[in-house]
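I opened this notebook to keep a record of what I looked up in the structure, entry by entry.

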Amino acid sequence: MYFIQHIESITHQDSFRKENLWSNLKPLDSDHALISPDYKSYIPAATLRRLSTILRMGITASKECQEKVFTEFDSISVGTGLGCLTDTEKFLLTINTVSGDILSPTAFIQSTHNTISGQISLDLKNHAYNMTHTQNAISFEVALTDAMLCVYEGKKSVLTGAADEAISFLERLRGTLIKTTHPFTSGVTFAVISPNKNQSIAHIQACEVLVSDQTENAVPEFLKKHRCELKDADLILEAGEQFASTGKKHVNFLTYSGYYQSASAFAFHLAHDWFIENKTAQKALIINNLESGKLGLTLLSRNEA
Amino acid sequence: MSDLKENLKAQIIEQLNLEDLTPADIQDDAPLFGDQGLGLDSIDALEFIVLLDANYGIKITDPNQGKEIFQSVNTLADYISKNQ
Amino acid sequence: MHIYVTGYGIISSIGENVEETLHALRSEKTGIRQGQKTYTERFKVGEIRWSNNELVERFSLTQHASRTALLGMIAAKEAFKNHKLLAEIKTGLISGTSVGGMDVSELAYKDFLNSKTDDLNTYRNHPNGTTSEQIAKELGIDGYVNTISTACSSAANSIMLGARMLLSGQLDRVVAGGTDGLSQFTISGFRSLMIFDDEWCRPFDETRKGLNLGEGAGFLVLETEETIRKTGKKPLAVLSGWSNASDAYHQTASSPEGLGATLSMKGALEVAGLKPEDIDYINAHGTATPNNDLSESHGIRAIFGDAVPPFSSTKAYTGHTLAASGGIEAVLGILALHNGSLLPNLNFSQAIEETRLTPIKNYSEGHEIKHILSNSFGFGGNNSTIILSKI
């Protein structure tokens, strides 16, 4: 069993250190902005000064998770769709504008995708398995399946999650490469998964990814494999509008998260908190159809009392 | 020389994003690296090389050279005035 | 349950396929030379001579894509060439890359900065994940496709994840490895770190100054025993051990005592159920940076004590191929197993004073080599080790 022990998000919603995301949830309006905690109380000044926002968010959410679960993480598995975009663009700017050979290295160092998970291990002084997965819109799900694999192999306290950040350059790709009407946003979600129930209220029943041109039958097949049907889902969270849902409650999570490649990690947090919001809910399904040609499917269930 | 040191301190703060510091917080002879001083590390040493190139036209090609030069604001200023 | 290697493919500056690679190893011929492209011409690099368009034509690829994706397609195709896609054998693809399609997106971005019209379609190739999707498409693989991006340990981590996906029964067969094409971004990045040697790199040498960069790809096909019964494939080697650990010391530097390296080697030996004395050859990470080689030497000493087996870094052959290196070196490891070869550490002359380790100096064959340990270490202290064993 894959019990969710704790979960934290830093997003454009008031989502950090909250009992239940649904109580303050609002559709993003025109003056939405990232709601940042006080990073200084989580990250030493000597480290903080260099870090881009996505790194600050990742470390802070992870650290809060570590403080809540006590047991030192014995695996870390992080997903990111586009990685550290701010530093990537900064270094591209440097190499195109600075003449000569002497270039500032900091943006380059922090441009690599695994800076997020690497900084988490550095900050927590954690020597465990440390993995960074990136598969466009299903980056969170591939990281989550690895985290579940770690639990399957016997790990007891696995940190998993995803992080992505918006840069203004993305607006240039709107309508052509990125077809969405939702605002580009930044977000991180981190969760701790364990084989022990402890105080957990919900567990991950299954998570699967599919990269294929043929995804039409994937949802019913996935549900059938895990012995349930669409009507059993008390909540269906999905990203594309084309999915004809017959669930009891159907939510397009991008309305709340905005668009970022690993936004389904926020949906995972929403799904978890639905079991707090709705005392009778038993199952929540996330259909991550953010990009065509790939699908992430995650099924959460309330723990038995 | 004191102008050079004051400029240097401002440039160090900017180049290394030492947002919480003002030039007055950096003593001329205080160690810049290690736990006793500002706590700077090997990445900052590379940023110092960028600073010297961009602001003073001084090129350091061997990072090992930096160990002596970047000890304090005094040693930096001394090196700049001799090599500019 | 054993994880078998049933295919392997490689492209790097020393050869465009397995056969050419073995020939270069035997003749001790480096692939590193003066660069031929605008962004490499000032440096010594392990560059593949063909342009992206030439690669598509030469290797009959069906897609135009970034260099990283193209090199990945070439090596993955070679690895998978005698394999068939079958509905009952669930096959996945896991590839590692550090910069993905940067070699093409950086050109478009340059046009954008210079107020020229940048072709927005170019950025389609940029994401790391896209390179893997393109490689999978070239092979006809769909279903589970994943990309690992842990800098220079990416391919080793892909291979490790592949084995774990097989062991847990989520996949029956997996094509796993890594790929990275050279780009201006990467070259400027390593120059900014001042760990870039303008001369030939000298791994494990007292006088080493830094690395030479390279490009390429290396992939393995992994199958379970049960899958082999269905595919009838001949096992070529056993992937017997793997491990990843975090050094958690510094953003770029490895810990002086090589803690992360020690943990990953120890972990891989445990998975394989082997003792240090069972290892017949170590293919070290050995980038030739002052920091890595010293730290790794300490790690090797910590595991093997005074009985360090023959070891070498093959980076002086290929250059440091970053995310591809673990895949490329896994293929070199299999070649060493097959031919009983000890691969030389080119350009070595003087041992590091502090650790006094002398690597293999010359190529030789006919040794009894049963187990090979291969290290791949990445930025952010991401340390990985895999162990390959003879059938």
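I began with Phe204(C), which counts as buried because it has 29 C-beta neighbours inside 10 Å; by the rule used, a residue is buried if 20 or more other C-beta atoms lie within 10 Å of its own, exposed if 12 or fewer and partly exposed in between, with C-beta atoms placed from the backbone. Phe204(C) is not a glycine, yet its phi is positive, at about 60°. I located Phe204(C) in the loop between H7 and S7 of chain C, where helices (H or I, at least four residues) and strands (E, at least two) are DSSP runs numbered from the N terminus.

**Entry on conventions.** I noted that this is a predicted model, in which local features need pLDDT of at least 70 and side-chain atom pairs count only at pLDDT 80 or more, whereas totals for chains, interfaces and linings use all residues. Residues are numbered from 1 along each chain as its sequence is written, and chains are lettered from A and ligands numbered from 1 in the order in which they are written.

**Entry on a loop residue of chain B.** I then turned to Asn17(B), which also is not a glycine and has a positive phi of about 55°. Asn17(B) sits in the loop between helix H1 (2-15) and helix H2 (42-56) of chain B, and it counts as partly exposed because it has 15 C-beta neighbours inside 10 Å.

**Entry on chain C as a whole.** I found 12 helices and 12 strands in chain C, and buried residues make up 64% of its 391 residues. For 391 residues a compact globule would have a radius of gyration near 21 Å, and the 19 Å of chain C agrees with this; the radius is taken over C-alpha atoms, and the globule rule is 2.2 Å times the number of residues to the power 0.38. Of the contacts in chain C with a separation of 6 or more, 79% join residues 24 or more positions apart, a contact being two residues whose C-beta atoms, placed from the backbone, lie within 7 Å.

**Entry on the domains of chain C.** Chain C is divided into domain 1 (3-231) and domain 2 (245-389), with bounds that come from an automatic or database domain assignment. Their centres, taken over C-alpha atoms, are separated by 20 Å, and the contact takes 58 residues from domain 1 of chain C and 50 residues from domain 2 of chain C. On the side of domain 1 that touches domain 2, H6(C) gives the most, with 6 residues.

**Entry on chain C against chain A.** Which element supplies the largest share of the side of chain C that touches chain A? I first noted that 48 residues of chain C are in contact with 44 residues of chain A, and then that the largest share on the chain C side, 6 residues, comes from H7(C). By class, this side of chain C has 17 nonpolar, 24 polar and 7 charged residues, where Ala, Val, Leu, Ile, Met, Phe, Trp, Tyr, Cys and Pro count as nonpolar, Asp, Glu, Lys and Arg as charged, and the others, Gly among them, as polar.
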